[in-house]
Amino acid sequence: MQIYLPIAEISVNAFLLLGLGGMVGILSGMFGVGGGFLMTPLLFFIGIPPAVAVATEANQIVASSFSGVLAHFKRKTVDLRMGVVLLIGGLIGAALGVVLFNYLKSLGQVDLLVRLCYVVFLGIIGSLMFVESLRALRKAKSGGAPTRRKHNWVHNLPFKMKFRVSGLYISVIPPLLVGVAVGILAAIMGVGGGFIMVPAMIYLLGMPTKVVVGTSLFQIIFVTAFTTMLHATTNYTVDVVLAVLLLVGGVVGAQVGTRIGVYLKAEQLRILLAGMVLLVCGKLALDLLLQPSELYSLGVAGGH
């Protein structure tokens, strides 16, 4: 069943979009990521223009993350205080990211920037997560408990605050900076930023894995909603028809993913996520390096 997307200006199979939304929703529930790191490149692959994919995917992440975080609220695995600190940084970062996105769009360089950002960030994060997860799995198999440094430079910074659900007493500066970085990525790449936030919360802030997923989703909801609003009012690149189809699939998938995640160990979840990140990175890198089927594309001067 073909459906016309008015902003993207192409026709796409509706069931394909529902299926993609469902698949990414499952990832959202399992890993505590918005799923945009996977969905946005998939939208590139089916012909959606990068500017439209970025703005619209931020909208879909809101729904799948909200669906997933409800399940985590029931289990009391959401650190609201930490979530609010991350959120403040995220809103600042999102505003900065949209300003940068608009500037690059006016230069006509936004498509290349988005793709390069994906290759660089997914390659680095995926590799680091994969290596660390392999080490954790080996330790688990050898009978040793996975170790995580309880004290590092983060604990020596000022402006400390107690985060009771996470069992932490640390400075608010690192969570704020993590939030800013994730907000910028949400605006430029159309991602929730979970693929950076989840490792940062575990290894930098020292949060327990069971609390990380729900807290990450809580922050992602508000940052991506804010990003969507900014893109819709400044760029006019949010395709409502595309967003609704992805949204329906994402909400259903997030509930399924949350239930699947209960049966997997934290190390297994991380290594699966790392594998998916590297696969998407490889496909995007190939698309950038190989000669495209169409060497030229027509567009209006100024990138609008």
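This report describes the overall make-up of a predicted protein model and then some of its local features.

## Basis of the model

Because the model is predicted, local features need pLDDT of at least 70 and side-chain atom pairs count only at pLDDT 80 or more, while totals for chains, interfaces and linings use all residues. Residues are numbered from 1 along each chain as its sequence is written, and side-chain values use heavy atoms, with hydrogens and water left out.

## Overall make-up

The protein has 10 helices and 4 strands. Helices (H or I, at least four residues) and strands (E, at least two) are DSSP runs, numbered from the N terminus. Read from the N terminus, the order of elements is β-β-α-α-α-α-α-β-β-α-α-α-α-α.

Of the 304 residues, 51% are buried. Buried stands for under 20% relative accessible area, exposed for over 50%, and partly exposed for what lies in between (1.4 Å probe, protein chains only). The accessible surface is about 14100 Å², and carbon and sulfur atoms hold 70% of this surface. Such areas come from the Shrake-Rupley method with a 1.4 Å probe; for residues, only the protein chains shown count as cover. A contact means heavy atoms within 4.5 Å. Among contacts between residues at least 6 apart in sequence, 79% join residues at least 24 apart.

Strand E1 (residues 2-5) and strand E2 (residues 10-13) run antiparallel and are joined by 4 bridges. Two strands pair if DSSP finds at least two bridges between them. Gln2 has Asn13 in E2 as its bridge partner. The hairpin has 4 residues between the strands, and Glu9 takes a positive phi near 60 degrees.

Ile26 is part of helix H1 (residues 14-31). Its relative accessibility is 26%, so Ile26 counts as partly exposed. Ile26 and Ala254 are 228 residues apart along the chain, yet their C-alpha atoms are separated by 4.6 Å. Apart from neighbours within four places in sequence, Ile26 contacts Gly253, Ala254, Val256, Gly257 and Ile260.

## A nonpolar surface patch

Phe66, Leu70, Phe73 and Leu80 make up a nonpolar patch on the surface, and together they have about 360 Å² of accessible area. Patches consist of residues with over 30% relative accessible area and no salt bridge, where like charges are joined within 9 Å and nonpolar side chains (Val, Leu, Ile, Met, Phe, Trp, Tyr) within 5 Å. A salt bridge is a side-chain nitrogen of Lys or Arg within 4 Å of a carboxyl oxygen of Asp or Glu.

Helix H3 (residues 50-74) gives the most to the patch, with 3 residues. Phe66 lies in H3 and is partly exposed, at a relative accessible area of 46%.

## Helix H8

Rings of Phe, Tyr and Trp (its six-membered ring) pair if their centres lie within 6.5 Å; planes under 30 degrees apart count as stacked, over 60 as edge-to-face and the rest as tilted. The count under this rule is 1 aromatic pair. The ring centres of Phe218 and Phe222 are 5.3 Å apart and the planes are at 70 degrees, so this pair is edge-to-face. Both residues are in helix H8 (residues 209-234), and because they are 4 residues apart, about one helical turn separates them. Phe218 is buried, at 11% relative accessibility, whereas Phe222 is partly exposed, at 39%.

Gln219 is also found in H8, and with 0% relative accessibility Gln219 counts as buried. Beyond neighbours within four places in sequence, Gln219 is in contact with Gly83, Leu86, Leu87, Gly90, Gly179, Val182 and Met197.
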